[in-house]
Amino acid sequence: MNAGEITVEVAPELRVFVGQRDRGPIRVDGTSTLGHVVESLGIPLTEVGTVLVNGESVATGHIPRGGETVTVAAVVRPQPSDEPLRFLLDIHLGTLARRLRLLGIDAAYENPDIGDAALASRSAAEHRVLLSRDRGLLRRREIYSGAYVYSHQPAEQLDDVLSRFAPRLAPWTRCTSCNGALRAADRDAVRDRLPDNTGQSYDSFAQCVDCGQTYWKGAHHARLDAIVAGALAKFA
């Protein structure tokens, strides 16, 4: 069915998804929703904020008619959340997962890959925001919530997530290996988990309550501390 053509204007932030496809009229059939039209342009609905039709706000379930002008805005930042923020990252975002955990943010990560269906199900069951660069995954209807990660670079990815969701930062409180909580540990209690001479060189330790991973301020600490300091300066 041909119901005419509409004009779609897309926010600059969303043009990465559509290229030139929002430049000309788009034919509509009188039955498909506006959400379907937006997704057909390549834009995940997780990235869409206010949608206007002829200047009036509408839901993505609106059925567009010929002659309408549609304006699609990007999601507002920081994005409000009705629940405490918990994230789930796909197989390609391991470094980002570790950096979020370094900042004390609840960031579950599946490795090895469990597949899109299982990721979506876990997002729904645990009310986790699914972070991914896979637009197809973010289009799955069963996910609790989702967000596209715009950059390939871990530092830019971290800034993207922190600016979008403004989670509470609590550095050095979460295990970067498994996402468990850290607690202070006595040197004698963790001595059998330490490399040779580490117990003599350091006197401050933490241990994951879930996996037992032990942490101390070793040679790698300066690099991690720089990541923490940068995040706190920009987003705390």
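The model is predicted, so local features need pLDDT of at least 70 and side-chain atom pairs pLDDT 80 or more, while totals for chains, interfaces and linings use all residues. Residues are numbered from 1 along each chain as its sequence is written, and side-chain values use heavy atoms, without hydrogens and water.

**Stop 1: the rings.** Five aromatic pairs are present. Rings of Phe, Tyr and Trp (its six-membered ring) pair if their centres lie within 6.5 Å; planes under 30 degrees apart are stacked, over 60 edge-to-face, the rest tilted. Select Y148 and Y150. Their pair is edge-to-face, at 5.0 Å centre to centre and 85° between the planes. Y148 is buried at 10% relative accessible area; Y150 is partly exposed at 30%. Buried means under 20%, exposed over 50%, partly exposed in between (1.4 Å probe, protein chains only).

**Stop 2: F205 and W216.** This pair is tilted, because the centres are 6.4 Å apart and the planes at 55°. F205 is buried, at 5% relative accessibility.

**Stop 3: the cavity.** One cavity of 30 Å³ or more exists. Here a cavity is a set of points on a 1 Å grid over the protein atoms alone where a 1.4 Å probe fits but cannot get out; lining residues have an atom within 4 Å of a point. Grid points are joined across faces, edges and corners, and volume is the space filled by probe spheres set on the points. The largest cavity holds about 40 Å³. Select L131, A147, Y148, V149, D160, V161, R164 and F165 to show its lining.

How values were computed
1 Å grid on protein atoms, 1.4 Å probe; cavity = no way out; pocket = protein on both sides within 12 Å on 5 of 7 lines; lining within 4 Å.
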